[in-house]
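Hi,

Here is the structure I said I would pass on. Have a look at it first, and then read my notes below.

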Amino acid sequence: MEDISTFINKIEIEIDGLEVGTLKPSTTYRELPEWSSMHALVLIALSETEYSVPLSGDDLRKCGTIQELYNLISSRS
């Protein structure tokens with residue numbers, strides 16, 4: 001899996017209304033003003049298509065930050 005900067009860039013591209021450079025590893029993504037349940041689905045799809053790692057809603061709820069999400073996907077890929 002690539003480094004976290006590339007991972008963050010992919011998320012920023014996929015989430016509508018999110019400007020590039022907004023996310024940091026420490027960002028609590030569910031607290032973003034742009035965040036919605038649709039974005040959770042986007043993250044689940046991104047994980048599956050880009051990394052062949054299936055995620056559940058429970059997985060997303062357990063991860064609070066972008067770094068935690070990255071660590072989870074990295075550990076499963």
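This is a predicted model: local features need pLDDT of at least 70, side-chain atom pairs count only at pLDDT 80 or more; totals for chains, interfaces and linings use all residues.

Residues are numbered from 1 along each chain as its sequence is written, and side-chain values use heavy atoms, with hydrogens and water left out.

**Salt bridges**

There are four salt bridges in the structure, a salt bridge being a side-chain nitrogen of Lys or Arg within 4 Å of a carboxyl oxygen of Asp or Glu. In general, side chains of opposite charge can pair when their charged atoms come close. K10 pairs with E2, with 3.6 Å between the closest N and O atoms. E2 is partly exposed too, at 22% relative accessible area. A network of salt bridges links E2, K10 and E50.

Another salt bridge joins D58 and R61, at 2.5 Å from N to O. These two sit three residues apart in helix α3 (residues 57-62), so about one helical turn separates them. (Helices are DSSP runs of H or I with at least four residues, strands are runs of E with at least two, and both are numbered from the N terminus.) D58 is partly exposed at 44%, whereas R61 counts as exposed at 55%.

Then there is R76 with D59, where the closest N and O atoms are 3.0 Å apart. This pair links distant parts of the chain, 17 residues apart: R76 belongs to helix α4 (residues 66-76) and D59 to α3. R76 is partly exposed at 40% relative accessibility, but D59 is buried at 10%.

**Around α4**

Which residues of α4 are buried? They are I66, L69, Y70, L72 and I73. Because they cover an arc of only 160° around the axis, they lie on the same side of α4 (the arc is taken from the directions from the helix axis to the C-beta atoms). Their cover includes α1 (4-14), α2 (37-51) and α3.

α1 packs against α4 at an angle of about 110°, with the axes 11 Å apart. Axes are lines fitted to C-alpha atoms, for helices over the stretch in contact, and angles run from 0 to 180 degrees between N-to-C directions. The two helices are therefore roughly perpendicular (65 to 115 degrees; under 35 is roughly parallel, over 145 roughly antiparallel and the rest oblique). On the α1 side, I4, F7, I8 and I11 meet I66, Q67, L69, Y70 and I73 of α4.

**The loop between α2 and α3**

S52 is in this loop and has a positive phi of about 55°, although it is not a glycine. For comparison, most residues other than glycine have a negative phi. S52 is exposed, at 58%.

L55 is in the loop between α2 and α3 as well, but L55 is buried, at 9%. Leaving aside neighbours within four places in sequence, L55 is in contact with L43, I44, S47, L60, L69, L72, I73 and R76 (contact means heavy atoms within 4.5 Å).

Cheers

Notes
Buried means under 20% relative accessible area, exposed over 50%, partly exposed in between (1.4 Å probe, protein chains only).
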